[in-house]
Protein chains: 2
Amino acid sequence: MNAQPSALSSANRGRHHRVPLPRPFAFHAGGELAAGELAVETWGELSPARDNAVLVFTGLSTSAHAASTASDPSKGWWEYLIGPGLALDTDRLFIITANSLGSCFGSSGPGDIDPRTGEPYGYGWPELRVEDIARAGQLAAEHFGIDVLYGAIGASLGGMTVLAHAALFPGKARRVASLSGTLVPSAFAIATRALQREIVGTALAGGPVDLKLAFRFARKVGMLSYIGAALLENRFAHAPGQQPTGASGTHFEVESWLEHQAEKFASRFNAWSYWYLSRAMDLFDFSKVLPGASAPVLSIERALVVGVHEDQLFPLAQQAAIADLLKAQGIPTRYVDLSSPYGHDAFLVEDALFSPLVADFFAASPRT
Amino acid sequence: MNAQPSALSSANRGRHHRVPLPRPFAFHAGGELAAGELAVETWGELSPARDNAVLVFTGLSTSAHAASTASDPSKGWWEYLIGPGLALDTDRLFIITANSLGSCFGSSGPGDIDPRTGEPYGYGWPELRVEDIARAGQLAAEHFGIDVLYGAIGASLGGMTVLAHAALFPGKARRVASLSGTLVPSAFAIATRALQREIVGTALAGGPVDLKLAFRFARKVGMLSYIGAALLENRFAHAPGQQPTGASGTHFEVESWLEHQAEKFASRFNAWSYWYLSRAMDLFDFSKVLPGASAPVLSIERALVVGVHEDQLFPLAQQAAIADLLKAQGIPTRYVDLSSPYGHDAFLVEDALFSPLVADFFAASPRT
């Protein structure tokens with residue numbers, strides 16, 4: 001609101017934008033949105049030739065605020081990656097991040113209030129697919145007059161979306177980086193996400209469970225799939241926490257941590273958006289992005305594919321499969337497997353592991 | 001009821017017993033049971049010298065019915081291991097399994113009806129520890145007039161209980177086998193079990209969630225921690241199932257499987273027993289089994305410790321730690337790490353992996 005731009009946000013020239021969607025916006029699986037919009041943030045300056053833009057696709061739970069901006073100097077979720085001299089170098093590149101279509105941080109989503117009823121659209125919102133999120137991102141790029149992106153990058157859901165974008169918009173992104181992504185979700189990932197949706201969805205449908213309670217439970221299920229077990233062990237082992245004993249009958253420190261994470265999340269995220277975005281992830285299948293065709297043939301200049309050994313949710317074999325597919329299409333592809341106790345969440349925190357890879361990949365002349 | 005004994009149950013001479021506990025039975029952490037009992041099954045015949053008995057400790061969810069008996073010819077949960085000529089050879093050994101104290105298959109537990117109120121004891125039941133389950137097992141052995149057990153074996157919770165038994169009753173078991181067990185639970189195991197207890201416990205405490213629904217949710221969380229992700233992938237991948245779309249918004253085959261497992265479990269298991277047994281697992285710490293002492297020094301002749309590489313809930317490092325502790329005490333210990341897509345549940349199904357190890361360990365003259 002009245003926050004003063006920090007030195008950093010001034011330096012990276014971060015700005016917030018509201019980008020209207022076409023009226024109507026037609027969804028991949030049918031249905032349309034009469035008047036939608038996207039919350040978008042950008043950093044750096046678009047070059048006169050409009051050839052230096054990198055589109056960032058986000059994970060399930062994050063906003064467009066990937067780095068600090070003039071209007072919001074708080075740290076972004078990829079603060080370590082985006083800024084002057086950083087891997088996504090805002091002295092050289094124009095970085096664009098949209099809050100995913102269907103999310104709840106300024107972009108249109110199923111949690112929006114339907115003015116006709118005064119209630120959230122909920123099930124009345126169109127079925128969301130990863131393909132829709134990819135197209136919304138492309139529209140954000142077009143909003144800035146960009147014909148061809150210098151690059152696109154995403155992790156987790158974003159690592160899937162960036163592949164959908166490459167398939168749907170041939171030649172529209174020159175360099176594509178998919179981190180901790182997959183061509184198709186694993187049975188385990190589907191099982192854990194479907195359980196989260198079942199818990200939240202039962203409450204959303206008016207079933208016998210309180211919505212806030214259900215949302216907290218579901219987020220805890222999710223957290224246990226994101227984080228590496230070794231990290232929990234190193235941090236908490238079996239130490240008792242300071243909180244009183246709750247419904248679990250115990251008060252271990254790891255329970256406090258999980259409760260804090262779940263409470264924070266359930267307070268700021270919309271349950272409908274969670275349900276819609278989670279379902280979109282489970283229904284994604286790269287081989288079926290283009291209707292009636294076999295696996296899409298991509299038109300990109302080079303690719304970076306990164307996975308994390310400790311990731312239970314998007315196991316390494318899935319990133320290897322992405323790299324194999326790209327290489328089989330003759331695309332110069334660098335495949336890197338990292339080790340991090342953060343597991344699936346590594347991309348959010350492991351500056352020292354991810355920054356050199358991303359910096360090199362988007363350098364004018366990559367070394368590798 | 002009127003079932004005919006099968007050829008197998010006759011051959012293994014399986015029998016059901018009701019074993020009264022001392023009146024009162026005092027619990028490890030305080031409190032007592034005025035009049036408790038254990039449901040016990042045995043197979044084979046006790047030798048005249050009473051020196052051929054093997055005590056089996058069970059996992060969280062299983063009954064005393066480890067193998068078929070005359071009164072219950074249905075297959076037991078360790079049918080492949082117990083019988084004539086099998087690894088626990090009922091032609092030679094007398095096998096004893098008690099339904100864990102606190103469980104709900106004939107042994108006293110918190111789900112029992114308090115005659116004074118007509119309601120389950122619930123929170124009014126004494127706090128249960130793994131040490132109590134170990135002592136109840138020892139009492140079952142004593143019920144048959146056994147001074148020293150030829151051996152004791154257990155997996156999962158049983159793999160912890162067997163260690164507690166060895167610590168609490170020095171010299172009372174000659175050979176001890178701990179499969180997929182641990183000296184102390186991991187932070188991840190605590191986190192996932194505490195979440196299950198929070199979900200069930202919220203309902204048990206009258207919170208805003210239906211008990212049957214909560215129990216199904218909790219069991220699904222548990223199942224996702226037991227099973228190996230690779231097994232789910234091989235079985236289900238992302239195939240759609242036949243069931244209609246539910247609260248998850250999808251109908252993948254892996255969801256049908258999980259729902260079937262959870263529905264079956266929630267129908268036959270008692271929620272109070274689940275909560276009590278799960279808490280006992282999280283509160284276990286081998287180094288504190290003997291009050292005021294440092295880690296117990298065991299008096300056993302030989303040990304077998306087995307772990308499974310794919311086990312996320314009781315990771316291999318935990319079994320290695322058991323073996324290291326035993327070896328440091330000068331106990332001849334065989335440590336084996338197996339690989340199985342069944343993960344933590346491997347001991348229930350992997351006949352070909354476990355049978356040779358257990359057979360050799362309990363042979364008159366083990367080869368290894």
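Modeller: Happy to! Let's start with chain A, whose domain assignment gives domain 1, covering 7–184 + 286–362, and domain 2, covering 188–280. Keep in mind as we go that this is a predicted model. The C-alpha centres of domain 1 of chain A and domain 2 of chain A are 25 Å apart. Where the two domains touch, domain 1 of chain A brings 26 residues into contact with 18 residues of domain 2 of chain A. On the domain 1 side of that meeting, 13 residues are nonpolar, 10 are polar and three are charged.

Next, look at where the chains meet. Chain A and chain B are in contact through 47 residues from chain B and 47 residues from chain A. On the side of chain B that touches chain A, the elements giving two or more residues are α4 (187–204), α5 (211–226), α6 (229–236), α7 (253–268) and α8 (271–283) of chain B. Among these, α4(B) gives the most, with 12 residues. Sorted by class, this side of chain B has 27 nonpolar, 11 polar and nine charged residues.

Finally, let's go inside. The largest nonpolar core has 234 residues, and the members touching the most others are A:V54 and B:V54. To follow one of them, find A:V54: beyond its neighbours within four places in sequence, its contacts are A:L88, A:L93, A:I95, A:L149, A:Y150, A:G151, A:A152, A:I153 and A:F362. As a general background, nonpolar side chains in soluble globular proteins tend to be buried together.

Methods:
Residues numbered from 1 in each chain as written. Chains lettered and ligands numbered in written order. Predicted model: local features only at pLDDT ≥ 70, side-chain atom pairs only at ≥ 80, totals over all residues. Core = buried A, V, L, I, M, F, W, Y, C linked by C-beta atoms within 7 Å. Buried ≥ 20, exposed ≤ 12 C-beta atoms within 10 Å, placed from the backbone. Contact = placed C-beta atoms within 7 Å. Helix = DSSP H or I, 4+ residues; strand = E, 2+ residues; numbered from the N terminus. Nonpolar A, V, L, I, M, F, W, Y, C, P; charged D, E, K, R; others polar. Domains from an automatic or database assignment.
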